[in-house]
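Okay, thanks for coming, everyone. I've got one structure to walk you through today, so let me put it up and we'll go through it piece by piece.

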Amino acid sequence: MAAGLVFVMALGAAVKTASYGVWEAKRDNFWGGSVAIALAVFCIALAVRYVVKYWA
């Protein structure tokens with residue numbers, strides 16, 4: 001249960017961060033947007049890793 005909650009919270013944060021990254025990239029700040037999107041992907045990767053370790 002706790003792993004699912006952590007995953008949902010991380011997913012929400014990652015979606016918000018990725019949308020900000022897309023917005024920044026559209027405003028001619030490609031590198032800033034890319035870093036924000038990479039941060040969102042990294043957040044999802046860590047959440048998935050936590051869920052897998054929790055359930056294994």
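So, let's start with the packing. The buried residues of α2 pack against α1, which runs over residues 2-26. Keep in mind that this is a predicted model. Which residues of α2 are the buried ones? They're Gly33, Ala36, Ala40, Ala47 and Val51. As for α2 itself, that's residues 30-55, so 26 residues by the definition of a helix used here. From the first C-alpha to the last, α2 reaches 38 Å, close to the 38 Å expected at 1.5 Å a residue.

Now the loop. Between α1 and α2 you'll find Asp28. Have a look at its backbone: Asp28 has a positive phi of about 65°, and it isn't a glycine. Is Asp28 buried or exposed? Exposed, because its relative accessibility is 77% and the cut-off for exposed is over 50%.

Next, charges. How many salt bridges does a search of the whole structure find? One. That one is between the side chains of Arg27 and Glu24, at 3.9 Å, N to O. Glu24 counts as buried, because its relative accessible area is 10% and buried means under 20%.

On to the aromatics. The count comes to three aromatic pairs. One of them is Tyr20 with Trp23, a tilted pair, 5.8 Å centre to centre with 40° between the planes. For anyone who wants the background, an α-helix has 3.6 residues a turn, so residues three or four places apart point the same way.

Last stop, the surface. There's a nonpolar patch made of Val6, Tyr50, Tyr54 and Trp55, and together they have about 450 Å² of accessible area. Which element gives the largest share of that patch? That would be α2, with three residues. Tyr50, for one, is found in helix α2, and Tyr50 is partly exposed, with a relative accessible area of 36%.

Methods. Residues are numbered from 1 along each chain as its sequence is written. This is a predicted model: local features need pLDDT of at least 70, side-chain atom pairs count only at pLDDT 80 or more; totals for chains, interfaces and linings use all residues. Side-chain values use heavy atoms; hydrogens and water are left out. Helices (H or I, at least four residues) and strands (E, at least two) are DSSP runs, numbered from the N terminus. The expected span of a helix is 1.5 Å times one less than its number of residues. Buried means under 20% relative accessible area, exposed over 50%, partly exposed in between (1.4 Å probe, protein chains only). Contact means heavy atoms within 4.5 Å. A salt bridge is a side-chain nitrogen of Lys or Arg within 4 Å of a carboxyl oxygen of Asp or Glu. Rings of Phe, Tyr and Trp (its six-membered ring) pair if their centres lie within 6.5 Å; planes under 30 degrees apart count as stacked, over 60 as edge-to-face and the rest as tilted. Patches are made of residues with over 30% relative accessible area and no salt bridge: like charges are joined within 9 Å, nonpolar side chains (Val, Leu, Ile, Met, Phe, Trp, Tyr) within 5 Å. Accessible areas come from the Shrake-Rupley method with a 1.4 Å probe; for residues, only the protein chains shown count as cover.
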